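Let's go through this one together, one feature at a time. Ask whatever you like as we go.

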Amino acid sequence: TLTVSSANYNVMAGEPGRLIVTATDTTSVVGQAGFSFTVAVEDTFGNRITVGDNKNITVSATVSGTTAAITAGRQVRAGDDGLATFSDLVITGSVSDTISVSFTVTYTRLSDNQVTTVSSSVSAITLTHGVAAAIEMTNSATARSGIAFGSQPIVRINDAYGNLVTTGSQSTQTVRLAATGATLSGAAAISASGGIAAFTGISLEGLAGSKTLTAEVTSPATF
């Protein structure tokens, strides 16, 4: 039997074919860097791409959700090991929104010179509210002197993105009402619960005309 031995071949990874995502932390305070994702850039056979034209390829993050937006850390170049680590990804939005993040790479395919995009699977993420940054009040537009408002004032303590501050000391702080141009009657200072202060028995006394009712908190002292 005649046997011929061929030369040894060094088989390298092919073109990008899949992105494998490892999620270390999928929860972050809204508007802050707290997420942690590692994306492995691999060919269709599972070989991590560490050499060739697509070494150090740029990986981009995409977010889905009605209110969600990426404000920082959207793109990361893969390292020499074929891994892209997202540790500065900042996402804003409503904490009640259903939000997910995915990753993509784009490259030019050698076989036909076509621009091709490879996408990862989708990872669900969770946003939590930030610190108090604003308050909003709802109450009656009209009132009769000396008679409790038909619709009593309700004050919400919100973060910078309009999310209700439901936990922490800021969510239970004292909310105070003040009136301009009239005398305020009723319990004008109460503790919020879960970021909401619902007043009862509030009325204004004085001459008829336009009056101003304001609310204030101590944390933060100014907005």
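Q: Which side chains meet in a salt bridge with Asp112, and how do I read that?
A: The general idea is that side chains of opposite charge can pair when their charged atoms come close. The rule here asks for a side-chain nitrogen of Lys or Arg within 4 Å of a carboxyl oxygen of Asp or Glu. In this structure, Asp112 pairs with Arg109, at 2.7 Å from N to O. Keep in mind that this is a predicted model, where local features need pLDDT of at least 70, side-chain atom pairs count only at pLDDT 80 or more, and totals for chains, interfaces and linings use all residues. Residues are numbered from 1 along each chain as its sequence is written, and side-chain values use heavy atoms, with hydrogens and water left out.

Q: What does Glu136 pair with?
A: Its partner is Arg156, with 3.1 Å from N to O. This pair links distant parts of the chain: Glu136 belongs to strand β12 (residues 134-138) and Arg156 to strand β13 (residues 154-158), 20 residues apart. Glu136 is partly exposed at 36%, and so is Arg156 at 29%.

Q: What is the order of the strands in the open sheet?
A: In general, strands of a sheet pair through backbone hydrogen bonds, either parallel or antiparallel. Two strands count as paired if DSSP finds at least two bridges between them. Here, three strands form an open sheet in the order β1-β3-β7, with antiparallel pairing. β1 (18-25) and β7 (83-86) are at the edges with a single partner strand each, so one side of each has no neighbour in the sheet.

Q: How many bridges join β3 to β7?
A: Four bridges join β3 (residues 36-42) to β7, and the two run antiparallel. Among them, Thr38 has Thr85 in β7 as its bridge partner.

Conventions. Buried < 20%, exposed > 50% of the residue type's maximum accessible area, 1.4 Å probe, protein only.
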